[in-house]
Amino acid sequence: EDIDQFIRQVLYLKQKYIFIYATGFSAIMAEYLYKKLLVLGKKTVIATGTDSIGVFENNLEDIGAFIVISKSGETQQVIDKLLVAKDQGIFTITFTKETSNRAAELADLNFNKLDDRNMLPNSFFPRLLMLVEYIFKMYLDGLQKEIADE
C-alpha cells in the first residue's frame with residue numbers, strides 16, 4: 001500500500017519537481033535515487049547538508065514531493081526542511097530507521113522497516129537500495145500494464 005502511494009504521489013507527478021534531501025552517509029543513497037529518477041525522465045533536485053538553504057527554499061513553489069533519507073530521523077537540518085515542506089503543503093516521504101523518530105512522525109509517508117545499527121556493518125542502506133529498486137519495478141510494471149490495456 002505504501003509503495004502504491006509512493007508511485008501515485010511521487011512517480012506520477014507532472015510539472016512539479018521531486019526534491020531529495022539527505023546528509024552524511026544517507027546522501028550516497030539519495031544520489032542513487034536521484035539518478036534513478038532522472039533516468040525515468042522525472043524532474044528531480046537533490047541537496048545535502050553542504051548545500052545552501054536557498055536550493056530548497058527558493059524552489060518551494062515548484063516542489064511536488066519532498067523525499068528525505070535519514071537513518072536516524074533526528075538530524076535537525078532534516079527536521080527543519082520537513083517542517084517547511086509540510087507548512088507549504090508539499091507531500092513528504094521519509095526513509096528512516098525502524099525505531100520512533102521525529103522525521104518519520106512528520107512525514108506523510110514513511111518507510112522505516114529498514115534496520116538501525118550504527119557503527120557495525122548493517123543492512124540499512126542495502127535494504128533501502130533494494131526497496132528503491134522494488135518501487136521502480138512496480139512503477140514500470142504498472143506502466144507496461146497501462147500500455148498493454150490500451
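I started with the length of helix 2. Its 14 residues should span 20 Å at 1.5 Å a residue, and I found its end C-alpha atoms 20 Å apart, so the two agree. Helices here are DSSP runs of H or I with at least four residues, strands are runs of E with at least two, and both are numbered from the N terminus. The expected span is 1.5 Å times one less than the number of residues.

A note on the source: this is a predicted model, where local features need pLDDT of at least 70, side-chain atom pairs count only at pLDDT 80 or more, and totals for chains, interfaces and linings use all residues. Residues are numbered from 1 along each chain as its sequence is written, and side-chain values use heavy atoms, with hydrogens and water left out.

Next I looked up which residues of helix 2 are buried (under 20% relative accessible area; exposed is over 50%, partly exposed in between, with a 1.4 Å probe and protein chains only). They are S26, A27, M29, A30, L33, Y34 and L37. They lie on the same side of helix 2, because they cover an arc of only 155 degrees around the axis. The arc is taken from the directions from the helix axis to the C-beta atoms. An α-helix has 3.6 residues a turn, so residues three or four places apart point the same way. On the other side of helix 2, I28 and V39 are exposed.

I then asked what covers the buried residues of helix 2. The cover includes helix 1, strand 1 (17–22), strand 2 (44–48), strand 3 and helix 6. After helix 2 comes G41, with a positive phi near 80 degrees.

I moved on to strand 1. Five of its six residues are buried, so strand 1 is largely enclosed by the rest of the structure. It pairs with strand 3 in the parallel sense over six bridges; two strands pair if DSSP finds at least two bridges between them. F19 has F66 in strand 3 as its bridge partner. Strand 1 also pairs with strand 2 in the parallel sense, over five bridges, and Y21 has A47 as its partner there.

My last entry is on helix 6 (residues 124–149). I found 26 residues in helix 6 and a reach of 37 Å from its first C-alpha to its last, close to the 38 Å expected. Its buried residues are F124, L128, L131, V132, I135, F136 and Y139.

Terms used: Contact = heavy atoms within 4.5 Å.
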